[in-house]
Amino acid sequence: MHTQQENLLQVTFRLSKNTLYDLFSQVLHDLDGRVLQVDGMKLTLSLGDKDQLSIQGVGQKLSYIVPVRFQFVKPAGLFSIEGTGEIAIHLSTMLHISEDMDVSPKTELVGYHWSVAPSIQLGTMDVPVESLADCMIRHLSASWIHTMDEELSKQLHLQELISQSIAQYAHNKLIHSQPDLFVNVCVFQILANSMMDTTDEILLDLWLELGVKVSDKEIPFGVQQKSRFYWVNTGITSPTQQIELEYSYEGLAELLADYLNGLDIGGKKVELSGVSLGYQQQLEIKLDMIAPIRGMVTLTCQPRLHLQQQKWYADDVQIDLAPTQLIYKLSAPLIENFLATQIRQFFPFDPRPFLERILSSMPEFKIAGNHISLIPEVERIVIRQPKFEQDRVTCTLQLEEASVLVGLEG
């Protein structure tokens with residue numbers, strides 16, 4: 001098990017018991033109308049009073065009380081004995097989940113009690129009540145409980161659910177426009193602590209080791225998801241999730257062109273036919289200008305991240321305008337001064353509002369009919385390891401004490 005704390009997102013699931021009751025009722029739908037033939041008696045079963053359905057989650061075990069209503073008919077010569085009752089069956093399911101996320105629930109019968117004691121509407125009962133209960137419980141233990149485990153296993157294909165969710169919500173998912181940003185997510189492993197029970201909810205803490213990348217271009221690969229699952233005895237404090245942020249110089253050039261085109265310089269509008277960026281020891285920006293004068297503007301600087309302030313600075317700024325015609329040389333200083341003023345106004349640049357917008361644009365998942373937002377609560381966002389590469393700029397966003405609260409409601 002790999003548990004590096006610097007790349008974990010804490011997710012606390014609040015599972016509404018009303019939702020679990022509804023899901024459990026769906027699993028038990030095949031109980032309605034079931035007919036048993038036991039010792040010459042016909043028993044017709046159905047799910048009992050839902051208000052008597054009880055579910056608790058502690059550790060890795062779910063415990064529940066299932067009310068089963070029954071009608072019984074026993075022929076007795078020309079007449080028959082008929083009656084009704086309701087028995088509450090006590091069950092427990094241990095959730096066995098392998099590292100490969102195969103779910104193998106093991107349900108056992110713990111006991112029972114009468115919700116409504118058997119009563120006779122017609123005839124005289126000559127079969128002891130305990131024998132009646134024993135007949136039903138033996139049948140349910142032999143078939144229905146096994147069927148319930150199989151049904152739960154079918155519904156909990158965790159690897160498949162994760163792969164489908166990633167493919168739908170987090171594979172080259174456009175999360176922001178102008179500028180365009182795409183997110184890609186991989187789930188490496190899931191760590192789960194013991195379940196905790198409250199009056200209305202079951203709480204489950206998970207820690208997801210995620211690989212998250214945000215970029216301005218789609219990434220050309222398919223979804224190949226193979227996650228691992230582990231139960232852990234103790235929780236993980238102060239988890240930190242990292243997001244790899246990557247932006248191409250081509251994309252930055254488009255942003256810069258959109259920003260500069262149309263700006264006013266002395267009553268005339270800036271018009272550019274092209275913008276290009278590159279990095280060779282310094283960041284170099286070339287602006288192919290058409291108006292207000294025709295010429296090539298070259299801007300060089302050394303971007304610097306102040307780690308304590310978490311702000312970007314531009315050091316050693318140099319601006320050079322090479323007009324294509326002699327007549328434009330008199331206007332060149334005006335353009336250079338204008339660009340220098342824009343740079344002074346822009347730096348130091350505080351990226352936090354932009355980063356918060358990225359987080360607020362994270363995709364929304366749909367689980368059990370609920371729209372689940374994975375926008376984390378974050379103590380602090382820290383930029384780490386900025387790099388200016390040949391064709392892109394990259395950095396790591398460190399989300400300190402990142403956590404998500406997910407409520408599955410009915």
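User: How many aromatic pairs does the structure hold?

Analyst: This is a predicted model. A pair of aromatic rings is described by the distance of the centres and the angle of the planes. For the structure, the number of aromatic pairs is seven.

User: Is the pair of Phe346 and Phe347 stacked or edge-to-face?

Analyst: The ring centres of Phe346 and Phe347 are 5.0 Å apart. Their planes stand at 80°. An angle over 60 degrees is the cut-off that decides the class, so this pair is edge-to-face.

User: Is Phe346 buried, partly exposed or exposed? And Phe347?

Analyst: Phe346 has 45% relative accessibility, and Phe347 has a relative accessible area of 27%.

User: Which residues do ring pairs link into a cluster with Trp114?

Analyst: Here ring pairs build a cluster. Trp114 is one of its members.

User: What is the volume of the largest cavity?

Analyst: The whole structure was searched for cavities of 30 Å³ or more. That search finds one. The volume of the largest cavity is about 30 Å³.

User: Which element gives the most to the lining of the largest cavity?

Analyst: The lining includes Leu287, Met289 and Phe338. By class it has nine nonpolar residues, with no polar and no charged ones. Strand 17 (282–291) and helix 5 (332–346) each supply at least two lining residues. With three residues, the element giving the most is helix 5.

Key. Residues numbered from 1 in each chain as written. Predicted model: local features only at pLDDT ≥ 70, side-chain atom pairs only at ≥ 80, totals over all residues. Heavy atoms only, no water. Phe/Tyr/Trp six-rings, centres within 6.5 Å; stacked < 30°, edge-to-face > 60°. Buried < 20%, exposed > 50% of the residue type's maximum accessible area, 1.4 Å probe, protein only. 1 Å grid on protein atoms, 1.4 Å probe; cavity = no way out; pocket = protein on both sides within 12 Å on 5 of 7 lines; lining within 4 Å. Points joined across faces, edges and corners; volume = space filled by probe spheres on them. Helix = DSSP H or I, 4+ residues; strand = E, 2+ residues; numbered from the N terminus. Nonpolar A, V, L, I, M, F, W, Y, C, P; charged D, E, K, R; others polar.
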